[in-house]
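Subject: Handing over a structure, with notes

Dear colleague,

Please read the notes with the structure open beside you.

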Amino acid sequence: MGWWWRLYWGLVVVIMMEVGGGHAEGGGGVTYDGRSLIINGKRKILFSGSIHYPRSTPQMWPSLIAKAKKGGLDVIQTYVFWNLHEPQPGQYDFKGRYDLVRFIKNIQAQGMYVCLRIGPFIEAEWNYGGFPFWLHDVPGIVYRSDNEPFKFYMQNFTTKIVNLMKSEGLYASQGGPIILSQIENEYQNIEAAFHQKGPPYVRWAAKMAVGLKTSVPWVMCKQTDAPDPVINTCNGFTCGETFRGPNSPNKPSLWTENWTSYYQVYGTKPYTRSAEDIAFHVALFIARNGSYVNYYMYHGGTNFGRKSSAYIITAYYDQAPLDEYGLIRQPKWGHLKELHAAIKLCSTTLLHGVRRSFSLGEKQEAIVFEEKEGSCAAFLINNDTHNNATVQFRNISFKLLPKSISILPNCKKITFNTAQVNTKYNNRIITPVQTFGSANSWKEFNNVIVNFGDTSLKSKRLLEQTSTTKDKSDYLWYTLRFQHNLPCTEPILHVESLAHVARAFLNNIYIGSANGRFRQGFSMDIPIMLNKGMNNISILSVIVGLQGSGAYLERRVTGLTTVEIQCNKKVLYDFKNYKWGYKVGLLGEELKIYKKTKLGDAVWSKNRISTNEILTWYKIFFNAPKGNDPVALNLSSMGKGETWVNGQSIGRYWISFHDSEGKPSQIMYHVPRSFLKASGNLLVLLEEAGGNPLQISLNTVSITNA
């Protein structure tokens, strides 16, 4: 290598240290080169797992982190949730499950690193992609584009988080655990929709982030043109096959989301990804010069409250190595632990050796790393999905299982094969502790049906739902009254909606409902009987989470779009431009009767309990199960609604929405131990569609080997 070439690369390294990776000061900085991240002057192969702090509880964090570390992880990766932390402009919340600093210090206490994905758009199947809804009402705003109002608030929040981390000494250069940060999130998926406003936004976001001088590198995932010094990274199931690599030879190959399962929407079955498949693609990525792999998710947790995005169930990535309750899922956890150990055995050779690959057969390949002093590591790959293969490597015969990679840390002996699972399977055991079958123990409150005369908000058009509710509730009442005097023997109420559910009432009598599906609107046609003269129509429009992905979220339309009465397939009354009355939310929500201190604000029934009633609130008191096992409610007898324990929402449920086999997508609902007292716990349910609370059971959750 000539002197001029060495000078060039020396300048590149200096520039990257100053602008992108930072330089070693205080506790030691983080830089990078074309092979890996460099921490305290040393290249690193890092295994990471996504654990989202608000999807569990502070009491669960130490155990989750410890299990991740024991599973061979080096890093915990998390998003930062803007709509939790800044619910109103300039008003911040970092308490309880939202205590980001405490979460990071928990990670630091166990000797692990942190990748902080600030976003602040995160998607993550999180309500509104993590944006606070007040952004929607900022004049002239266009999210995620070269738009001054949006950039102002995005920079404000990003700076707030960075300064908070600095003030707590949490960046690596300060002796803290944060070694990597992310700005934006999978933007290239939608960039073309913004035309000339897209590329300048990418450049601005990168420059803004780097200008905050965190002294750790920044990444942009799925952004092939990430501006220097920001690193472009891969997300997906098979990044060892699909990732075209970093956009500069000076940047390392990082995999920020290796999907261990997939998110689940109501009306679908869970997606199960095998331990063997995950291990194969991790090994392939490392063999092809990857040096950072993050499992998304390592623990998915629970979408408490109303925090999931549209149609997403309450359990999140339950099929991850740590399940929703934080219990180890085998063989996934154990198989990946063995994979990490095998790769760590030869990490020095992988990071410093010369890589070469060659064919071992029609569908077989060897990838070998060798150092000058003779150290050697090899990956023997069999891409045949059906057949074993016997190959010769360095004069030794090796049998390779179908669709597998064998790791030879010394190029002589197989230490790990991705398709050979040595870890035994385990089962999750649900143990009923109590059934709430005593009608005398329950009390109920029937939510009122809102009519036109009950409303103060009026409009001569159908209002867009979320612009009206401001995301304060899933519910919006659309009401009108009209004089009927036209002849029709078989009238039909026809409704079209871009919300998720509609429940219709005529003259205070329930007449029917319908719902959409993930990313699909719906319509309903209900035969009705009209009174001669005045009639009242009330339609409860329901959202099950705001859309959390895609371009122009601020323009998304929800709610009712057409309301008509038809006769013989012709429009008898078109109510689009009638005078409508609106009310946000349900009375029980307004009174907050899910809180013990507010129970007296509602008139609860005595000595009776009804079942299969719509819009009914139920309450009961119970004692916590003994022991430390996780706790869950079996709500399989219910319909659709939301559940609170001691005033804290454990999430939405939608049992009546079945998958292709006629089964609910989720029936067990996690109640964190920290939500419970030893006795006198208040359980409140809002049942929207009709269910039977007498068959609800309280359960403990444990695991056992198969």
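The side chain of T214 makes a polar contact with the side chain of W218, at 3.4 Å; a polar contact here is a pair of N or O atoms within 3.5 Å, where within protein one must be able to donate a hydrogen and the other to accept it, and where residues adjacent in sequence count only if both atoms are side-chain atoms. T214 itself lies in the loop between α6 (198–210) and β8 (218–221), helices (H or I, at least four residues) and strands (E, at least two) being DSSP runs numbered from the N terminus. T214 counts as buried because its relative accessible area is 3%, and the cut-offs are under 20% for buried, over 50% for exposed and in between for partly exposed, with a 1.4 Å probe and protein chains only. Leaving out residues up to four places away in sequence, T214 touches V162, K166, Y171 and S173, where contact means heavy atoms within 4.5 Å.

Before going further, please note that this is a predicted model, in which local features need pLDDT of at least 70 and side-chain atom pairs count only at pLDDT 80 or more, while totals for chains, interfaces and linings use all residues. Residues are numbered from 1 along each chain as its sequence is written, and side-chain values use heavy atoms, with hydrogens and water left out.

E589 is buried yet has no salt bridge, and the nearest side chain of opposite charge, R306, is 5.3 Å away. A salt bridge needs a side-chain nitrogen of Lys or Arg within 4 Å of a carboxyl oxygen of Asp or Glu; as for charge, Lys and Arg count as positive and Asp and Glu as negative, whereas His and the chain ends are not counted.

S473 and Y475 are also touched by V584, together with T468, T469 and L476, again not counting residues up to four places away in sequence. V584 is in strand β30 (residues 580–584), and it counts as partly exposed because its relative accessibility is 33%. In the loop between α12 and β31 (616–622) we find T597, which counts as exposed because its relative accessibility is 71%.

The largest nonpolar core has 183 residues, and those with the most contacts inside it are L116, M165 and L339; such a core is a set of buried Ala, Val, Leu, Ile, Met, Phe, Trp, Tyr and Cys residues joined through side-chain atoms within 4.5 Å. The largest share of this core, nine residues, comes from helix α8 (residues 275–287). Apart from this core lies another, of 29 residues, among them Y478, F482, L506 and F575.

Lastly, four bridges join strand β28 (residues 560–567) to strand β29 (residues 570–574), and the two run antiparallel; strands pair if DSSP finds at least two bridges between them. The bridge partner of I565 in β29 is Y573, and in this hairpin, which has two residues between the strands, N568 takes a positive phi near 55 degrees.

With best wishes
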